[in-house]
Amino acid sequence: MRDSDRVARRRVFYIPGYDPIHPRRYRELYRKEGAAQAAISGYSLSLSPKTGGGAYGWHVEAEMDGAQVAADVEVLVWSDIVRSSMSNSVPATYLQLLLTAWEYISTGALFRLMRLRKGPVIAALYPVGMLLLQLALALCAGWAVYALAVRAALWIGPAAQLLGGGLALAAIWGLLRWFQRKDGKLFAYYLMHDYAYSARHRGATPPELEARMAQFGETIATALRENVDEVLVVGHSSGAHLAVSVLADLIRSGRVSDEGPKLAFLSLGQVVPMVSFLRGAWRLRADLAYLSTRAELTWVDVTAPGDGCAFALCDPVAVSGVAPEGKHWPLVFSAQFTRSLSPARWKELRWRFFRLHFQYLCAFDAPLDYDYFRVTAGPMTLAARYAQRPPSASRLETPVNRFASTEPAGSGTRAS
């Protein structure tokens, strides 16, 4: 291995998906799963608190393959934006349902997405179906209460219907609020807010998120001037398409030097087509096309068919219809859940869809060529680790996106 492929010090920036939870969750996940993977794979991994200012993070000391590696991991936080976008109002959520469904169905984006992978489309339809089911049950309960109230209050005369109507509305509202309070187990409101956040702007980046992404870029640019061997950006779920735009802006502005640390990008469980297939997502499509040709970074995209919430083995650049000549990235391959997890573990997790969506950040019983902790705390750069890794033969590269413009409406063309 060449000296330029070795890593003794690494900066890692993790961009989470649409998640309102405090980033300490990711530290605890890294601590717990890292210890489990170290025990399985026979290396040493320990965490300690982060020193200095900046984003929330932790320090990692590892010994792998006879080498000592230090890594500083930071979570680039946008959970406050997520929380502010999640309405506490039941009527507002149902309005989001109507507007989001209209955006995906009226433009044909939903049907194009179904030509890729069924899993994430089913995941997208789940909150719609669940919320409509909740509404139907609430209406049935309201009707039953109305009928009982009118029957029991016949002696009141004409006021019976008014009384029944009031009790029915109270029953409907009460049951809908009860379902909302149980969303920690049902996830219908949470997922509806997730899809609505992108659909509200037709795929364009909301202004508050654009400003936060600019801050992310400044943080990564600072790390690229430090005495480290690699700067690794990890984008998980919705965080993958945020990372695409952050890194594209960083390279465009000339802040990635050949003399500095190696720049690497690992996208995990990406759902890029859910946004890039929307008519207003020209900025994301332009960034995908741009990043796919750049020599300033290494981009590896890891998904798994066992993850029903991700567009598994879908090349995000190619399926979005923006693959340019000279496209080189990303390297697309599978984490192979069914082979890298033991049969017992796979049986345990198979129907836990949200847990499987986080498996990329967790330990594997028999890791093959993907190990999150070797990537983030191991002695090889991402480029060296996967230099000989061919892309998965079953990856999807056929462009199916109706909207392939990489410029604002009126200044470019639309591909059909």
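Keep in mind that the model is predicted.

I will begin with the pocket. The largest pocket holds about 690 Å³ of space. Its lining counts 38 residues, and those nearest the centre are Tyr18, Tyr190, Asp194, Ser237 and Ser238. By class, the lining has 25 nonpolar, 10 polar and three charged residues.

Which elements give two or more residues to that lining? They are α1 (24-41), α8, α9 (207-223), α10 (238-252), α11 (273-276) and α16 (353-357). Of these, α8 gives the most, with six residues.

That brings me to α8 and its packing. Helix α8 covers residues 188-199 and packs with helix α3, residues 90-106, at an angle of about 50 degrees, the axes being 9 Å apart. An angle between 35 and 65 degrees counts as oblique, so α3 is oblique to α8. The crossing of the two is left-handed. From α3, the contact takes in Val90, Thr93, Tyr94, Gln96, Leu97, Thr100, Glu103 and Tyr104. From α8 come Tyr189, Met192, His193, Tyr195, Ala196 and Ala199. Sorted by class, this contact has nine nonpolar, four polar and one charged residues.

What is the phi of Arg202 near? It is near 55 degrees, a positive value in a residue other than glycine.

Is the crossing left-handed or right-handed? Here α9 passes α10 in a right-handed crossing. On the α9 side, the contact is made by Leu209, Glu210, Met213, Phe216, Gly217, Ile220 and Ala221. On the α10 side, the residues are Leu242, Ser245, Val246, Asp249 and Leu250. The classes here are eight nonpolar, two polar and two charged residues.

The last item is another backbone detail. Where does Pro330 lie? It sits in the loop between α13 (316-319) and β8 (331-334). The peptide bond from Trp329 to Pro330 is cis, with omega near 0 degrees.

To recap the two pairs: α3 crosses α8 with left-handed sense, and α9 crosses α10 with right-handed sense.

Note on methods. Residues are numbered from 1 along each chain as its sequence is written. This is a predicted model: local features need pLDDT of at least 70, side-chain atom pairs count only at pLDDT 80 or more; totals for chains, interfaces and linings use all residues. Side-chain values use heavy atoms; hydrogens and water are left out. Axes are lines fitted to C-alpha atoms, for helices over the stretch in contact, and angles run from 0 to 180 degrees between N-to-C directions. Helices (H or I, at least four residues) and strands (E, at least two) are DSSP runs, numbered from the N terminus. Angles under 35 degrees count as roughly parallel, over 145 as roughly antiparallel, 65 to 115 as roughly perpendicular and the rest as oblique. A crossing is left-handed if the near helix is turned anticlockwise from the far one by less than a right angle, and right-handed if clockwise. Contact means heavy atoms within 4.5 Å. Ala, Val, Leu, Ile, Met, Phe, Trp, Tyr, Cys and Pro count as nonpolar, Asp, Glu, Lys and Arg as charged, and the others, Gly among them, as polar. On a 1 Å grid over the protein atoms alone, a cavity is a set of points where a 1.4 Å probe fits but cannot get out, and a pocket is an open set with protein on both sides within 12 Å along at least five of seven lines; lining residues have an atom within 4 Å of a point. Grid points are joined across faces, edges and corners, and a volume is the space filled by probe spheres set on the points.
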